[in-house]
Amino acid sequence: MKIAIFGASGFAREVCDIAIDLGYEKIVFIDETKGGNIDCFSVVSEKDIHTLTKYNYKFIIGIGSPKIRQEVWKRYQYLDYINLIHPNSTFGYRQLTKLREKVGNIVFPGARLTNNIQVGNFGIYYFNCTVTHDCIIEDFVTISPGANISGNVKLSKGVFIGTNACILQGKSISEKLVIGKDVIVGAGAVVTKNVPNHKIVKGVPAK
């Protein structure tokens, strides 16, 4: 199996680890600022994408920033994106099936998604994060290591949740706690109420 990973940072190398665990044998990184090799894997430029598609490579965007992931996708919407779901992540009833219906998601070891969660495309579910019942996770969301998303929460498009942050539970399925579009929640923050679009919040409680 063949996969090309956008990015060549430490995060992209961690994505590479998942690809290796899933049995991908031919792996390349795509990055405009680096050349040569990372470990034993080649780093190519975006001008090589046409060749990669000709040789039936699959693609994943190994970039933690929601904004940059969206920029890459806008340039290359036509590529054959896949999910990378580590076998040591766990899922509630039918949740894995729902995730597999989407594309571009990366799920790391220890991540847990429970049940009745609406998932989007190009999400990142990092080490040991949790997303619980009746949440909505829109496209291009990043949930960092150890973050906890309680039930009845909506993470809007482009949200970044920092390491060990906690989003407390919404009131009900119909009255969710909403984190607005492109919000950044700082590491260790505890969010207790709705956050408007494009805000940066941090602290306990987050503000």
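This is a predicted model: local features need pLDDT of at least 70, side-chain atom pairs count only at pLDDT 80 or more; totals for chains, interfaces and linings use all residues.
**Entry 1: the two domains**

I looked for salt bridges between domain 1 and domain 2 and the count is 0; I take a salt bridge as a side-chain nitrogen of Lys or Arg within 4 Å of a carboxyl oxygen of Asp or Glu. Residues are numbered from 1 along each chain as its sequence is written, and side-chain values use heavy atoms, with hydrogens and water left out.

I find the chain divided into domain 1 (2-76) and domain 2 (84-201), with bounds from an automatic or database domain assignment. Their C-alpha centres lie 24 Å apart. Domain 1 brings 18 residues to the contact and domain 2 brings 22 residues, where contact means heavy atoms within 4.5 Å.

How much area is buried between domain 1 and domain 2? I note about 1,500 Å², with carbon and sulfur atoms giving 74% of it; buried area is the accessible area (1.4 Å probe) that two parts lose on being put together, summed over both. On the domain 1 side, I18, R69 and Q70 supply 34% of the area buried against domain 2, more than any other three residues.

**Entry 2: the largest pocket**

I looked up the largest pocket next and found about 180 Å³ of space in it. For the term, a pocket is an open set of points on a 1 Å grid over the protein atoms alone, where a 1.4 Å probe fits, with protein on both sides within 12 Å along at least five of seven lines; lining residues have an atom within 4 Å of a point. The volume is the space filled by probe spheres set on the points, which are joined across faces, edges and corners.

Among the lining residues I see K67, Q70, F160 and D182. Helix α3 (residues 66-75) gives the largest share of the lining, 5 residues; helices are DSSP runs (H or I, at least four residues), as are strands (E, at least two), numbered from the N terminus.

**Entry 3: single spots**

I looked at R75 and found its side chain in a salt bridge with E46 (2.8 Å, N to O). R75 sits in helix α3 and E46 in the loop between β4 (41-44) and α2 (49-54), 29 residues apart.

I also checked the backbone: the peptide bond from V204 to P205 is cis, with omega near -10°.
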